[in-house]
Amino acid sequence: MFPVVQKWVSLYHAPVPRPETTCYVSTFEYSRPLPSARSFRVFHLSRPRRAGDRARDDLSTVLRGRIEVVDLDGDCRYNALSYCWEGSIEPSPYAHQRRDRIVVEETDGSTSQLLISPALSTALRYLRIQGQPLPLFIDQICINQADKAEKSQQINLMGDIYRGCECVVSWLDVATRYTDALFDFLPRVSENELLLQLMQNPPRASALLQSGIERRADFGGDETLRQDVEGMTALTREHWLHFPHRGFLEMCMRRWFRRIWIVQEACLGREMVFVCGRRSCSAGALEAVSQFKMLASTIQHLEGATRPGHYRPPRHDADAKHRAFMATTLVFRIFRERAAAWETPAHTNGSQMRRGLDNLVVRFNVDTMAQGPSARLGSSDPKDYIYALKGLAPADDPVSTQLPATKTVPKLPSWVPDWSTHLTNPHGYRTGCFPVFGAGGTNTTAEIDLATPGILKFRGRPLCTVAHVGTHFMHLSDRRLVGPLESPTIVARSIFGFFREVRALCRRAAACPAAASFAAESVERVVWVTSTGGHGLSETTERSLLGGDVEDGTCLLGELWELQLRMDVWPEIWRRRRDGMNGVRGTWVRMREVLGGGGSALARLGADFMYWVGRAGIELRHVYWLWKYLCALPYVWWRRESEDMIYHGVFGVQRDSQIGILKSVLALQVRRKCFVSGAGHVGLGPVGTRAGDVVVVPQGASHPAILRPADMEGQPWEYVGEAYCHGFMEGEAFADDEVETTWFEIK
């Protein structure tokens, strides 16, 4: 049975392909080598051979076609297929299915067979129903997968192949009734004039989105913004209640949107269509509905955006709305790069977005969160994290032109990131590309020397020597995630230990004479700012996330820091009991003082009675908290949930949305330890930081670096990682024009 097991038949109402089982003895032999370095193959997909109209809609007949060798510099029109080898559905229904065969028709009339994956077989059967007037470039068929030399040569040619095709056909796998509802909804908004204008003018879309977030009624005389809000409000009132949130979420969750190769495949083709089962749409239509989803989800709160008496959706639909809003990032990620690759004004905000290969590698291979819509894209081969993006770089890009033919470089220097590993967003950067700090000074320029192979020389200023490093650091939970949009949570116990240690080390540094990191700042402020790594929230982010009740994130984040530390429930229960007892005793002492010696015995007896009643009430409440705590523990251990749930269950405090802001900031400080110097410097460094390491501020750099001296004098230093040093993140190290700098060599 092909290629879906019985349980998937009930889930997908699309017809399940059941191919013929005719066996062909001879195996197709690829021509070796290809005629030229610019040659590649295309596949002509043939119609079914059965007679009658029924054959056009038949998914079970044998796949047939012809393979032709063409040249990129010749006159050849073709389409390119973009798909996932293992299928776009999770969990994959093709995991335990055997490979299918296609019949390759030779020019002399003979036939042979070629084995392909079940996922590709399903895609070709549905594409055959729609009809393909042009031949297709399909990497699994058109590249000899057994010839490593040909694969390497064709991979380097992949960018030109997709750039030269007429259209990229993006296969999103078989349909469900929810995805069909989405594709049926597309014509309602895809041709809307306002959405098309907003797609071509991102600043207008951003202003409209900000108005929805702030629920603004006064537009400050901006007539264009007022008209955009009114137009989007009318569009939301007409279509928002009918938006297929679950279908949009299902589509965005397809593995196609999270594969590294699709960035190049989707961005380089002049035209692109999405095919899901028997339905299809253009890239512009999907971008329009994604734009509508993003804007309508905020505009719906404005007056007049919803019809009176509209129904409240079920809880599962509300959850789907929230997840679909997050999933929109996955779709816009593709459209932004597509606009940049073709150098169109859309999504560029007036700036040149088509950057070099180094920038592309950082943006698509460094996680801005451990998992979620901005996470690192997937690949079966770690080497593809660089080579899959080469086609997007400009032809004169210095990094791309110097990229070696071999894909592996053994024994990388300490200052070179290993892109085959799981790299997270570097400290002090937003989305891997935009620095938050300017520790190296705005008036200084970086001085770098790469003359010696494997050695990086730069000029900078030594700031301090690490005297003591903490032992606690935050780490992520190993709980199995439910879906691609869920992010791993930070283990609450690690947060408690990290916070307490940062507080202790900051007090230790403040006790030093002329403590360098405590100029005109309280110790408590330095504590929470250091533990959040300077928090790094921009003013726009602070206002949009924290709301209009505060001017910036300082007060609220400090309050949330204290609240998070109190979520260590066991000490918090005893602390509340102790504070309650002290309060009752203090009240009783004041009452006895007021009564003094002149009070009657009955009054003193009443004061004593109130004291013991207060103590009994506190003890009963304490026992009640302990009982709820013990009842919640097995659930948390069994479900491996965050310990924050115990705090909410015991004390009933619900501030999940605000605590989520703090957690998003803390996520960038995972696996970082607090350090102090003998001169009173305090900061955060990588988990491998040791006493004796030196904190250095390179000229023009965004953040300081931690270097480890060599065992022998005169030898190059070793790069440990980036650092946060409180009070020295905005160029303070170079405030004095006469400051002396020195050259550092890193191996």
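With which residue does Glu166 form a salt bridge, and how far apart are the closest N and O atoms? In this predicted model, the partner of Glu166 is Arg77, with the closest N and O atoms 3.8 Å apart. The pair links distant parts of the chain, since Glu166 is placed in the loop between helix 4 and strand 7 while Arg77 is placed in the loop between strand 2 (63-71) and strand 3 (79-82), 89 residues apart. Glu166 itself is partly exposed, with a relative accessible area of 26%.

The protein as a whole has 23 helices and 22 strands, and buried residues account for 49% of its 747 residues. Of the contacts between residues at least 6 apart in sequence, 75% join residues at least 24 apart. The average pLDDT is 75, and 72% of the residues score at least 70. Over residues 345-353 the pLDDT is below 50, although this stretch has 22 contacts in the model beyond near neighbours in sequence; over residues 542-555 the pLDDT is likewise below 50, with 16 such contacts. Where pLDDT is low, the predicted coordinates should not be read in detail.

The count of salt bridges comes to 17. One of them joins Asp160 to Arg38, with the closest N and O atoms 3.0 Å apart. Asp160 belongs to helix 4 (residues 148-164) and Arg38 to the loop between helix 1 (6-11) and strand 1 (39-45), so that the pair ties together parts 122 residues apart in sequence. Asp160 is partly exposed, at a relative accessible area of 29%, and Arg38 also counts as partly exposed, at 29% relative accessibility. A further salt bridge is formed by Arg125 and Asp100, for which the closest N and O atoms are 2.7 Å apart. Because Arg125 lies in helix 2 (residues 118-130) and Asp100 in strand 4 (residues 100-105), this pair ties together parts that are 25 residues apart in sequence. Here Arg125 is buried, with a relative accessible area of 1%, and Asp100 counts as buried at 5%. Salt bridges that share partners also join Arg38, Asp73, Asp160 and Arg163 into one network.

The largest nonpolar core holds 104 residues, of which Phe137, Ile141, Met232, Phe274 and Phe292 touch the most other members. Helix 11 (residues 283-299) gives the most to this core, with 8 residues. Leaving aside residues up to four places away in sequence, Ile141 touches several residues, including Tyr30, Phe43, Ile67 and Leu124. Apart from this core lies another, of 24 residues, among them Ile495, Phe498, Val526 and Met729. The buried residues of helix 5 include Leu182, Phe183, Phe185 and Leu186, and the buried residues of this helix pack against elements including helix 8 (223-239), strand 8 (272-276) and helix 11.

Arg671, in the loop between helix 23 (656-666) and strand 16 (672-677), has a positive phi of about 60 degrees and counts as partly exposed at 45%. Most residues other than glycine have a negative phi.

Val613 is found in helix 21 (residues 601-639) and is partly exposed, with a relative accessible area of 41%.

How values were computed: Residues are numbered from 1 along each chain as its sequence is written. This is a predicted model: local features need pLDDT of at least 70, side-chain atom pairs count only at pLDDT 80 or more; totals for chains, interfaces and linings use all residues. Side-chain values use heavy atoms; hydrogens and water are left out. Helices (H or I, at least four residues) and strands (E, at least two) are DSSP runs, numbered from the N terminus. Buried means under 20% relative accessible area, exposed over 50%, partly exposed in between (1.4 Å probe, protein chains only). pLDDT is the predictor's confidence in each residue, from 0 to 100. Contact means heavy atoms within 4.5 Å. A nonpolar core is a set of buried Ala, Val, Leu, Ile, Met, Phe, Trp, Tyr and Cys residues joined through side-chain atoms within 4.5 Å. A salt bridge is a side-chain nitrogen of Lys or Arg within 4 Å of a carboxyl oxygen of Asp or Glu.
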